[in-house]
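Good morning, and thank you for making time for this item.

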Amino acid sequence: MPAYDYRCKSCDHRFEAVHKMDASPPPCPTCGSTDLQRLITSAPTLARGILTHAGDGYRASKEQLQDKWREETPKLRRKLVDRLGEDTVSRMAPSLNAPEE
Ligand SMILES: [Zn+2]
């Protein structure tokens, strides 16, 4: 199951929750509020996730990581747009926008 980062709007506590994509997040572990904001995982974290998933992330050089990131970004972005919508992805993860040639 995927892990998501949340910020509690009541007490500003940040935490990670693992749950199904279509399930609602658990309440804040600190104050019990369900008024949460989902934080979009940063691009480097996403890249690491992809690389680890691909099984070649541990000893990859920085150059290899960058190549891989360039290769995977459009696919990843498409997936996020499917899930979150174009507006959200553009706003929350500008680094995932297609690089300008
Ligand atoms: Zn809280």
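Let me begin with burial: a residue counts as buried if 20 or more other C-beta atoms lie within 10 Å of its own, as exposed if 12 or fewer do, and as partly exposed in between, with C-beta atoms placed from the backbone. What we have here is a predicted model, in which local features need pLDDT of at least 70 and side-chain atom pairs count only at pLDDT 80 or more, while totals for chains, interfaces and linings use all residues. Residues are numbered from 1 along each chain as its sequence is written.

First, confidence. The mean pLDDT of the protein chain (the predictor's confidence in each residue, from 0 to 100) is 77, and 72% of its residues reach 70 or more.

Next, the overall arrangement. The chain has three helices and three strands; these are DSSP runs, helices being H or I of at least four residues and strands E of at least two, numbered from the N terminus. Along the sequence the pattern reads β-β-β-α-α-α. Of the 101 residues, 6% are buried.

Now the sheet. Two strands are taken to pair if DSSP finds at least two bridges between them. The three strands form an open, antiparallel sheet in the order β2-β1-β3. Its edge strands are β2 and β3 (36-39), each of which pairs on one side only. Strand β1 (residues 3-8) is joined to β2 by five bridges in the antiparallel sense, and Ala3 stands opposite Val18 in β2.

The loop between β1 and β2 contains Asp12. What is the phi of Asp12, which is not a glycine? The value is positive, about 65°. As a general point, most residues other than glycine have a negative phi. Is Asp12 buried or exposed? Asp12 is exposed, because 11 other C-beta atoms lie within 10 Å.

Finally, helix α2 (residues 62-84). This helix bends by about 40° at Glu72, and Pro74 follows within four residues; the bend is the angle between axes fitted to the seven residues ending at a position and the seven starting there. Of the 23 residues of α2, the number buried is zero, so the helix lies largely in the open. Just after α2, Gly85 takes a positive phi of about 95°.
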